[in-house]
Amino acid sequence: MVKSPLVLASQSPRRKEILLQLGVNFKQIAVDVEEIPLPHESPAAYVCRLAEAKARAGYACQNTAGAVVLGADTVVVCDEQILEKPESEAHAKSMWRRLSGRSHEVLTSVCMFNGQVAELELSVTQVQFTLLTDHMIDNYWLTGEGLDKAGGYAIQGMGAAFVKAISGSYSGVVGLPIEKLIPLFDQFDIAYWCQPVKNRALD
Ligand SMILES: Cc1cn([C@H]2C[C@H](O)[C@@H](COP(=O)(O)OP(=O)(O)OP(=O)(O)O)O2)c(=O)[nH]c1=O
């Protein structure tokens, strides 16, 4: 039986890597969705709204008949406040000082849309940071690694040195919660664990 083609509506190299890890054939496209919370919008409602908006925007601009589009969004939440990507050195450092020595949540929502049905899933992960010294904060900034990441750090990279403990979904923190994706793949008839093929991600 022919499975449905998948389109990843995201520019994130991490999301691409996770789909490649799962042996999924897909095409990656960029979508432009404004990422600004609405007044009084909860972090969970916000990431779900953005994931769905990205999936729908991807569906509107792709031209693969019968495709299923995957959109996702990730934010860090501390004291019920959303921490997105850092806008400056001062902003990044203030986020890391705030996260130092305590726990925060990483929320990732994924949405799959086939033109008719939109299914949303939300992954919530607790991440506990070690106590960060000024030396660590100054040197992590110099790596440049956290600039395009929610909360300004990468658990999959050098930012792993910040992390004392995690409870929840590691892949969710990186950008796509695998345990939420697999049931969606089954529901939308997306094949995974496929043999690697050359130029699988057609981005
Ligand atoms: C907390 C954390 C976030 N991130 C990433 C996941 C997301 O890619 C990014 C949050 O920004 P998003 O806006 O969710 O995604 P994006 O801008 O990278 O891609 P697109 O909107 O096109 O889908 O932060 C990590 O890679 N590692 C981490 O440890």
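Predicted model: local features only at pLDDT ≥ 70, side-chain atom pairs only at ≥ 80, totals over all residues.

User: What is the mean pLDDT of the protein, and what does the model score for ipTM and pTM?

Analyst: The mean pLDDT of the protein is 94, and 94% of its residues reach 70 or more. The model scores ipTM 0.97 and pTM 0.94.

User: How many residues surround the ligand, and which are the closest?

Analyst: The ligand is surrounded by 22 residues, of which the closest are Ser10, Ser12, Lys149, Ile155 and Gly175. Two elements give two or more residues to this shell, namely β3 (68–78) and α5 (170–174). Strand β3 gives the most, with 4 residues.

User: What is the make-up of the shell around the ligand by class?

Analyst: The shell has 9 nonpolar, 8 polar and 5 charged residues.

User: Which residue does UniProt list for "active site", and where is its place?

Analyst: The unreviewed UniProt entry lists Asp73 for "active site". Asp73 has its place in strand β3.

User: Which residues have the most contacts inside the largest nonpolar core?

Analyst: The largest nonpolar core has 48 residues. Those with the most contacts inside this core are Leu6, Ala51, Ala55, Val69, Leu70 and Val75. Leu6 touches Val24, Asn25, Phe26, Ala67, Val68, Leu70 and Ile190, residues up to four places away in sequence not being counted.

User: What makes Leu120 partly exposed?

Analyst: The count for a partly exposed residue falls between the limits of 12 or fewer for exposed and 20 or more for buried. Leu120 has 18 C-beta neighbours inside 10 Å, so Leu120 counts as partly exposed. Leu120 lies in strand β6 (residues 118–129). Neighbours within four places in sequence aside, Leu120 is in contact with Cys48, Ala51, Glu52, Ser109 and Cys111. From C-alpha to C-alpha, Leu120 and Gln195 are 28 Å apart in space, and 75 residues apart in sequence.

User: Where does Ile29 lie, and why is its class what it is?

Analyst: Ile29 lies in strand β2. Ile29 and Tyr170 are 141 residues apart in sequence and 24 Å apart in space, C-alpha to C-alpha.

User: How do you know whether helix α4 lies largely in the open?

Analyst: Helix α4 covers residues 134–143, and the number buried among its 10 residues is 1, so the helix lies largely in the open. Gly144 follows α4 and has a positive phi, near 75 degrees.

User: What is the phi of His40, and why is His40 called buried or exposed?

Analyst: The phi of His40 is near 65 degrees, a positive value in a residue other than glycine. His40 is placed in the loop between β2 (26–29) and α2 (43–61). The limit for an exposed residue is 12 or fewer other C-beta atoms within 10 Å; His40 has 6, and so His40 is exposed.

User: What of Asp189: where does it lie, and what is its phi?

Analyst: Asp189 lies in the segment after α6 (178–188). Its phi is near 65 degrees, a positive value in a residue other than glycine. Asp189 has 14 other C-beta atoms within 10 Å, and therefore is partly exposed.

User: Why are Ser88 and Glu80 placed in their classes?

Analyst: Ser88 has 9 C-beta neighbours inside 10 Å and so counts as exposed. Glu80 has 8 other C-beta atoms within 10 Å, and therefore Glu80 is exposed. Ser88 lies in the loop between β4 (81–83) and α3 (89–99), and Glu80 in the loop between β3 and β4.

Terms used: Residues numbered from 1 in each chain as written. Near = placed C-beta within 6 Å. Nonpolar A, V, L, I, M, F, W, Y, C, P; charged D, E, K, R; others polar. UniProt positions renumbered as here; feature names shortened; annotations may be inferred. pLDDT = per-residue confidence, 0-100. Core = buried A, V, L, I, M, F, W, Y, C linked by C-beta atoms within 7 Å. Contact = placed C-beta atoms within 7 Å.
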